[in-house]
Amino acid sequence: MRSVSNTTRIALYLYGLLILLVLYLPLVSVGFASVSKARYLSFPVNRYTSEWMVQAVTSPNVHALVLTSLKIAVLVTLLSMLLGFFGALAFARFQWKYRPLFQKLILLPIFFPQTVLGLALLIWFSALGVQPSWKTAVIAHLVWIAPITTLIIAIRAYGFDPALEEAARDMGASTLTILREVTLPLLMPGVISAGLFAFLLSWGNFPLSLFTSGLDSTLPKWLYARMVSGYTPQIPALGVLSVAGSAALMLIGIGLVRWMRRRA
Amino acid sequence: MVAQPFVRIENVTKRFGRFTALDRISLDIAEGEFLTIVGPSGSGKSTLIRLLVGIDDVTEGTIRLNGTRIDTMPANKRPTCMVFQSLALFPHMSVGRNIEFPQKLKKIAPAARKARALELLRLLRLPEDYYGKMIGQLSGGERQRVALARALAFDPQIIVFDEPLSALDYRLRKTLEKELKDLHARTGKTFVYITHSLEEAMVMSDRIAIMKRGRFEQIDVAEAIYSRPVSRFVASFMGEVNLFEAAEEQGKARWGDAGIRALSGGLALPAGWRGALMVRPELLRFVAEGQGADFTVQGRVVAEYALGSRIQYAIDTLAGTRITVERPFEQRLAAGSDAPVTLGWDRDAVHPIAEEPRHATA
């Protein structure tokens, strides 16, 4: 490789630093706001307190919110992994008549503005006579997230030698055995990354939950409501905890995928 | 009653939409035979073996094994096993688990499975500690052997090979060709092998079937394919051969316009015969003008190529026809390029290939 001059190297470092600053400064300021004694958003912080953090962790109200968000996110994760797995097989593995149409239709929900999608789903639920609750939010999240997991797993399925399944069949494996012994293990890294994305996207989703979760409140929905009426530093405190939790989950997921790749 | 052929492929046609990949193919394979199907890409050879193992379904015709129809049987019920071009080894399993995969499906006990896997590793000259290695840690040749071991673990009645050596370098390919032939002799299994290299086929096979556009052009032992090809297509498949356009004239061959002299009565041909007369490069020799051979032609050396133990000459006749000559290296010409020479060959070195297309069945 061509060596880089010192000036270029310094310029590159400065550029990288600038990008990090732009990306992470807002997050850092939220971090500061969460430990600020003042009840209003201000910077720089004069006096620090852990009061809001403690409140965020101990409040029963917050527990209920986290539980609802978690319930939705876990269900969405599991269902979208399942739908994404079979969707990816239809998307990338099997030749069938309507595949080109399927490949285009599956992308549409991703490009749909989420607020409009949320409203459309709400209208649809009420037309069906379904009371909006956290359960309908799961369905709403799935409409948006399942196509994303399908695409993530499909990328892996494209890199898959069809001869592997043919060889398994040739040696006497049934369709179910092939799925269990060959297809699923080989697509697993894709399925896990897709699950990770699904969880994070559902956990942080606001526009779809706003319209479709009815009286059940999720964490982002509640944060928004409190932001509009009655801000306390508990909001940035919850935000920081939520980001920390997501980051931890990401790290676990990346570690898991790495581990599986090393085994393969 | 006539003895039942081991495998009988009868009038098999395979169409993909409007494209006919195989056109009324018939072929018998004997038990324990090493049969190689040779053809260029798109000739239908891969299609045929995919029908044989059941990955694809026949459009028309039947395939029988020991008299029982297998073309209607799903792939996972057939006693056939394919070694794929990509080898199709499972990357998420160890060498041992790969080899044991077919036995596991047959519900053979783990201890017996492992014993058999180790035995197969020995048979294929792989160290026993490869049992626990992952596929990604092996070289191309080692993967090849693992794929073979897995196919043998399945214990099929027929093992089918889809150009498994094509991705390997020349030297390794040559070694594995011989190993495969030995393995065939030691296991006594029926091998059906496909390749686009007639050279590879000749090393290994009992019989060779040449395919062209969904049909068999010739099915015969290697020696016959080499010295008595039925068509220009088969002849040219073997590499450099000399084909002279010719026609019958008063019961004898008229050798185009190459300036060839017939010294001892010429070559008898049936009335109305038209086609090409084939002379292999190694059956030509340098002679004195007008003597020492049944046919002679004058020309000059255009180029000389050393092939190791042999030497090849490109020679243009006075009429401008290019002829390839191959001699042992010891018989190298003293004269250099552009030297005038006379080539000679005998009547039994000439193989006539008639013009009208023929199709082989066996």
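A residue is termed buried if 20 or more other C-beta atoms, placed from the backbone, lie within 10 Å of its own, exposed if 12 or fewer do, and partly exposed in between. The model is predicted, so local features need pLDDT of at least 70 and side-chain atom pairs count only at pLDDT 80 or more, while totals for chains, interfaces and linings use all residues. Residues are numbered from 1 along each chain as its sequence is written, with chains lettered from A and ligands numbered from 1 in the order in which they are written.

**Figure 1. Overall view of chain B.** Of the 362 residues of chain B, 38% are buried. The C-alpha atoms of this chain fill a box of roughly 75 × 45 × 40 Å along the principal axes. Chain B holds 8 helices and 20 strands (DSSP runs numbered from the N terminus: helices are H or I of at least four residues, strands E of at least two).

**Figure 2. The two domains of chain B.** The domain assignment, which is automatic or from a database, gives domain 1 (7-231) and domain 2 (240-354). Their centres, taken over C-alpha atoms, are separated by 40 Å.

**Figure 3. The largest nonpolar core.** A nonpolar core is a set of buried Ala, Val, Leu, Ile, Met, Phe, Trp, Tyr and Cys residues joined through C-beta atoms within 7 Å. The largest core has 137 residues, of which A:Ile153, B:Val83, B:Val160, B:Val192, B:Ala209 and B:Ile210 touch the most other members. Helix H7 (residues 134-158) of chain A gives the most to this core, with 13 residues. Domain 1 (7-231) and domain 2 (240-354) of chain B both contribute residues, so the core lies between them.

**Figure 4. Surroundings of B:Ile210.** Leaving aside residues up to four places away in sequence, B:Ile210 touches B:Val38, B:Gly39, B:Phe216, B:Glu217, B:Gln218, B:Ile225, B:Val234 and B:Phe237; contact requires C-beta atoms, placed from the backbone, within 7 Å.

**Figure 5. The contact of chain A with chain B.** Chain A supplies 16 residues to the contact and chain B supplies 17 residues. On the side of chain A, helix H8 (162-170) and helix H9 (175-203) are the elements that give two or more residues. H8(A) gives the most, with 6 residues.

**Figure 6. Confidence along chain A.** Chain A has an average pLDDT of 90, and 97% of its residues score at least 70; pLDDT is the predictor's confidence in each residue, from 0 to 100. Among the elements of chain A, helix H12 (residues 234-263) has the lowest mean pLDDT (85), and H7(A) has the highest (95).

Methods: Two residues are in contact if their C-beta atoms, placed from the backbone, lie within 7 Å.
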